[in-house]
Amino acid sequence: MGVTHHGRTHRLDLADPTLREWACTVLAADPEQGIVLDRSAFYPGGGGQPPDHGVLLWQGAQTRIVGTRKGDDLWLIPAEGDPLPPVGTAVTGAVEDDRRTMLMRTHSGLHVLCGVVFRDFGALVTGGNMEPGEARMDFNLPEVPPDFKGRIEELVNAEVAADRAVAVRVLPRAEALALPDIIRTQSNLIPPDEQQVRIVDIVGLDVQADGGTHVASTAQIGKVQVVKVESKGRANRRVRVRLVD
């Protein structure tokens, strides 16, 4: 999977995460596999961010999209019982805006959390997951400082309020891996055959390789609440957060 294409599908979601509706053509339609489009703004899932939901509109019909299946092609999974548009059909794709926007805010919030914990406590990420508006991130943090939960919440929200720009760029692999501290996970998750690396930069706080969708500035994240800090082993700490509007 590249930063512009997955199989035959041009990835519009990475070029413009604000895009919610677009014209496209059906390249494949299979009742077992799903639907392949020539152009798609559906985020297919990855890096802890779930796939988008939405619809395809065509010839007076509607096909709800409830997930994706990633292989040599990017297969969109239709809702059970919905019709499949035939190959060659011109369709309009539309991403469910509320879900995508909340996931973008949540994902960017996790990057702020990651940046703060790395900057102030030197801890690397060991895992993470998110749903719209709530998430968890695990860190290699053998010793938990006093008042860690309250301190983290205060520090994260200070960075949100700072309205830092969230910039995205694509670099050749060697150039990307030469950036200081570009890998914020304990293991390098960049596929060895990936020659271009997408970089998400919360300017002045956090720079890392990432394939997800994000808001344009930290102020768009909204208030972050640290719900709980849990021990998940001798050195692993899980931080659970949610967005509070």
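Modeller: Start with the contacts of aspartate 201, leaving aside neighbours within four places in sequence: Ala165, Val166, Ala167, Arg169, Asp206 and Val207. Contact here means heavy atoms within 4.5 Å. The model is predicted, so local features need pLDDT of at least 70 and side-chain atom pairs count only at pLDDT 80 or more, while totals for chains, interfaces and linings use all residues. Residues are numbered from 1 along each chain as its sequence is written, and side-chain values use heavy atoms, with hydrogens and water left out.

Aspartate 201 sits in strand β13, residues 196–202. Strands (E, at least two residues) and helices (H or I, at least four) are DSSP runs, numbered from the N terminus. Aspartate 201 is buried, at 13% relative accessible area. The cut-offs are under 20% for buried and over 50% for exposed, with partly exposed in between (1.4 Å probe, protein chains only). Threonine 18 is 183 residues from aspartate 201 in sequence. In space, their C-alpha atoms are 17 Å apart.

Now the strand pairing. Two strands pair if DSSP finds at least two bridges between them. Strand β16 (residues 236–244) has antiparallel pairing with β11 (residues 134–140), over seven bridges. There, arginine 136 has arginine 240 as its bridge partner. Strand β16 also pairs with β15 (residues 223–231), antiparallel, over eight bridges. Serine 231 faces arginine 237 in that strand, β16. Four residues lie between the strands of the β15 and β16 hairpin, where glycine 233 has a positive phi near 125 degrees.

Strand β11 has a further pairing. Strand β10 (residues 125–131) joins β11 in the antiparallel sense over six bridges. Glycine 127 is opposite aspartate 138 of β11. This hairpin of β10 and β11 has two residues between its strands, and glycine 133 takes a positive phi near 90 degrees.

Zoom out to the chain. It has four helices and 16 strands. The radius of gyration is 19 Å, close to the 18 Å of the globule rule for 245 residues, so the chain is as compact as a globular protein of that length. That radius is taken over C-alpha atoms, and the rule is 2.2 Å times the number of residues to the power 0.38. Of the 245 residues, 47% count as buried. Among contacts between residues at least 6 apart in sequence, 65% join residues at least 24 apart.
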